[in-house]
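Please keep the sequence and the structure in view while reading.

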Amino acid sequence: MRGLVIEEQIEQWIEKHKTELLEDIAGLVNIPSVASYDPSSPYPFGEKCAEAIEYILNLGQRYGLQTFNREYYCAVISMGDETKRTVGIWGHVDVVPAGEGWSYPPFFCTQKDSFLIGRGVQDNKGAVIAVLYALRFIQELGIPLNYQLQHIVGSGEEIGMLDVAYYREHYHVPDFNIVADSGFPVCYGEKGMLSVTLNCDIADSSILRIQGGVASNSVPGYAELIVRRDEAAVAKLNHLPSHIQYSQTEEEITLFAVGKSGHAAFPEGTSNAIAVLLEPLLRIAWFEESTHKQLEKIYDICKHYDGKALDIHCEDKLSGALTCVGTLLQGRDGRLALELNIRYPIHQSSEVLLQQLQESGFTLTNIHDSEPSYYDPDTPEVKRLMEVYQAVTGEQGEPFVMGGGTYARKLPHAVGFGPGLPTDFSSLNLPPGHGQIHGPDEVQSIPNLITALKIYIVALLELNELYQVG
């Protein structure tokens, strides 16, 4: 590990640039870069994602680094000799939609006490700026590198990672890849990701529309049902619990419910608003019989996240149990569609899961599978990263496998490495379910991000020692 002198330099440099770091994060968070894909456009993931890419490139230029715009799919900020081996550190500037129920403005970076609040402060804009500052440190101190370092920032991670697919097709991928979109210490494997839409008919003509969720990889925090207003429907309103709100006009009644949103890969502690909405309606027999049965199935799927309602539950020792979240519900004109976000164990086959889903009574459409990823944790690079984490934090830690999906699953020789660290933000007194990635009032601990920045700087210097010639 590096000596005390460089450790003190790192501490002093970070303290000197802390205000700038937070300002640069705020500027990026203030851009509402929710991606939508149109390959025919000069801005393939939308103008706001392109604006975020330009923002990163401008910062890189300001700090004396080489910058390249890869057709607004990715920004590349690099340093070092391109004839040497390459190390890539990946992040993304696109975010999931804000969703409902925020206490703070989602696309404004609020600093309160030692926390940042805003969409993307965790996933993944805070990390993108932290990595940029790690490169800036090396640049300003004039440290020669034994490898070429590339900070590659995508703009379509949240909607299928087509940005990385484009990059791999058109540009050279670094020899070793670090994805700064995970937790510490090192994530060396990711579960498979299976997305599939379940379709069925609903015969109850009183249902005008039902919908829930805002993103395919988020647990729904809001759901609503619009029904035709008649005497029978009005009478049923008296039997609703207080957490089911409603409004009405002469022709319609709108029922809505709020859950606890969060990332679909980590559904523990969330509450799916679709299930919250359906439970009391099913209990008071709001719907006609055949529709009741279909919505009861939807309720069972959304109430739990273990896949047992669809008979697809499974697990392995390496990666744990399958999770299955109903993330997007749309129903109108007698048709109902529920999108599932399934994270399955490394040793499971998606073909087996799909065969089981075919027997569920639903019609399957929009099937997308991303196979599990795995990288040998005994490689020299991973061992160095582990040593850095342990030295900087004083924590032992163990490399791990997770259900989240990052660029690592799309890249060769790739691992996840931070910036996530355990955070207690109870002092903010946010409503239950707030503060997490993909949820309302997304929170980033400033001290944790500063620690992550130090880890990234030391890690890059340690890789420099590992790749030292001779």
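Q: Between which two strands is the loop that holds P185?
A: The model is predicted, so local features need pLDDT of at least 70 and side-chain atom pairs count only at pLDDT 80 or more, while totals for chains, interfaces and linings use all residues. Residues are numbered from 1 along each chain as its sequence is written, and side-chain values use heavy atoms, leaving out hydrogens and water. With helices (H or I, at least four residues) and strands (E, at least two) taken as DSSP runs numbered from the N terminus, the loop of P185 runs between strand 8 (182-183) and strand 9 (187-190).

Q: Is the peptide bond from F184 to P185 cis or trans?
A: Most peptide bonds are trans. For the bond from F184 to P185, omega is near 5°.

Q: What is the omega of the cis bond that joins D123 and N124?
A: N124 belongs to the loop between strand 5 (115-117) and helix 3 (125-141). The cis peptide bond that joins D123 to N124 has an omega of about 15°.

Q: What is the relative accessible area of E71, and what is that of H413?
A: E71, in the loop between strand 1 (66-70) and strand 2 (74-79), has a positive phi near 55°, and H413, in the loop between strand 23 (400-402) and strand 24 (414-416), has a positive phi of about 50°. Most residues other than glycine have a negative phi. Buried means under 20% relative accessible area, exposed means over 50%, and partly exposed lies in between, with a 1.4 Å probe and protein chains only. E71 is partly exposed at 34%, and H413 is partly exposed at 45%.

Q: Which strands stand at the edges of the open sheet of 8 strands?
A: The strand order is 14-15-13-11-19-20-10-21 with antiparallel pairing, where two strands pair if DSSP finds at least two bridges between them. Each edge strand has a single partner, so one side of each is left without a neighbour in the sheet, and these are strand 14 (245-248) and strand 21 (363-370).

Q: At what angle does helix 7 run to strand 20?
A: Strand 20 (residues 335-344) is joined by 10 bridges to strand 10 (residues 192-201), the two running antiparallel, and R335 in strand 20 stands opposite D201. Helix 7 (residues 289-303) lies across strand 10, strand 11 (207-212), strand 19 (323-332) and strand 20, contact meaning heavy atoms within 4.5 Å. Axes are lines fitted to C-alpha atoms, for helices over the stretch in contact, and angles run from 0 to 180 degrees between N-to-C directions; the angle of helix 7 to strand 20 is about 20°.

Q: What angle does the direction of helix 10 make with that of strand 26?
A: An open sheet of 3 strands has the order 4-5-26 and antiparallel pairing, and its edge strands, strand 4 (110-112) and strand 26 (443-445), each pair on one side only. Strand 4 and strand 5 are paired over 3 bridges, with L116 in strand 5 as the bridge partner of Q111. Helix 10 (residues 446-466) packs on this sheet, touching strand 4, strand 5 and strand 26, and the angle with strand 26 is about 60°.
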